[in-house]
Amino acid sequence: MTREADVKWMSRALSLGARGLGQVWPNPAVGCILVKDQRVVGRGWTQPGGRPHAEAMALAQAGEAARGATAYVTLEPCAHHGKTPPCAEALVAAGVARVVTALQDPDPRTAGEGHARLRAAGISCDTNILAEAAQRAHAGFLSRVQRGRPLLTLKLASSFDGRIATASGESKWITGPAARHAVQGLRASHDAVLVGAGTARADDPALTLRGYGGRQSPVRVVVSRRLELPLESQLARTARDVPLWLCHGPDAPEERRSAWLKAGAALLEVPLGVDRHPDPAAMLQLLGTRGLTRVLCEGGGMLAASLIGAGLADRLVGFVAGVVLGAEGQPAIGPLGLSALSEAPRYVLEETLKIGPELMATWGARPPV
């Protein structure tokens, strides 16, 4: 195979793997394509819940045609025994001739061992094909393994002048149907949706996935120090149908804890920070221990400010509408306590799209200097 062919097939494997985003945590959303004589004989991606793995799906589809084929896998095949046998061993048993990967798996249970087993079996291995694209595709999984916390995307829908509501709190709808549909796409690609208690009280959101039939909704995560959330809300009514995790402080009253447990919510106690609110860094670490790899924060302003201020917002996605609300409107982000422009967090523009009559911009965090 030429380098050009390797890039082509790996690009297709990455597209396949993206189908699993938001559905496969704590596992990575891997894609795999088996190619023989320039023809695809098998393909697969990690299935909902994380099993079967992409390689197993592709090998099952290929059957005997896998013998002598080249496998394109977006992450190093696993080498450890879990709920299923290692994918590296499955590839060896299937008789593939060559394996091409995009990245080495940083999980210490694999971390190069998958490649080593393949090579020990006489299988040719090449890696780092489209590595940069694979790092973006697997950013959530890599974050959980390497930093102990999920990748965090902060989504804001605002007016041209950065307001999310009028002075009276009216916010439906600043952006139009096309932008709201795009937000559903963001939810579909994340493991969890995160909001603050103020947003939960003001908007009474369901935070479920709409317009993606058959795809499971992300976990709903709400930050409320004292669990002061209405028990007659949509979140409470659906807590047994769609997972609801409530991040609260050590001082949350026992009666509120009992009521929410009875409603079907999971409670996550988070230590308080210096501002006497649940510490955002500790909260994300806790979410990481529960397996989440990608979290979409949808506000409000105070929660957004705490995440940005703590350097925890990895990506910003902003939907900007052509409406102006003025200084009396409610700001999209709360106080950051900056005294100089040089202290302001800066992000790198990655993409802009026109979504209906609105603008969608995606920004990435600058790497540490």
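The largest cavity in this predicted model has a volume of about 90 Å³, where a cavity is a set of points on a 1 Å grid over the protein atoms alone at which a 1.4 Å probe fits but cannot get out. The volume is the space filled by probe spheres set on the points, which are joined across faces, edges and corners. The count comes to 1 cavity of 30 Å³ or more. Lining residues, defined by an atom within 4 Å of a point, number 17, and L21, N27, A29, T293 and R294 lie nearest the centre of the cavity. By class, 8 of the lining residues are nonpolar, 7 polar and 2 charged. Helix α6 supplies the largest share of the lining, 3 residues; helices (H or I, at least four residues) and strands (E, at least two) are DSSP runs numbered from the N terminus.

Residues are numbered from 1 along each chain as its sequence is written. In this predicted model local features need pLDDT of at least 70 and side-chain atom pairs count only at pLDDT 80 or more, while totals for chains, interfaces and linings use all residues, and side-chain values use heavy atoms, with hydrogens and water left out.

The largest nonpolar core contains 38 residues, a core being a set of buried Ala, Val, Leu, Ile, Met, Phe, Trp, Tyr and Cys residues joined through side-chain atoms within 4.5 Å. Buried denotes under 20% relative accessible area, exposed over 50%, and partly exposed in between (1.4 Å probe, protein chains only). M10, L34, L59, L91, V96, V99 and L118 have the most contacts inside this core. Elements that each supply at least two of its residues include α1 (3–17), β1 (31–36) and α2 (54–62), and α1 gives the most, with 6 residues. Another core, of 27 residues, lies apart from it and has V223, V295, L307 and A313 among its members.

Salt bridges (a side-chain nitrogen of Lys or Arg within 4 Å of a carboxyl oxygen of Asp or Glu) total 14. In the bridge between D6 and R98, the closest N and O atoms are 2.7 Å apart. This pair links distant parts of the chain, with D6 in helix α1 and R98 in strand β4, 92 residues apart. Both residues, D6 and R98, are buried, and together with D126 they are linked in a network of salt bridges. R117 and E113 also form a salt bridge (3.2 Å, N to O), and both lie in helix α4 (residues 113–120), 4 residues apart. R117 is partly exposed at 28% relative accessibility, as is E113, at 36%.

Notes
1 Å grid on protein atoms, 1.4 Å probe; cavity = no way out; pocket = protein on both sides within 12 Å on 5 of 7 lines; lining within 4 Å. Nonpolar A, V, L, I, M, F, W, Y, C, P; charged D, E, K, R; others polar.
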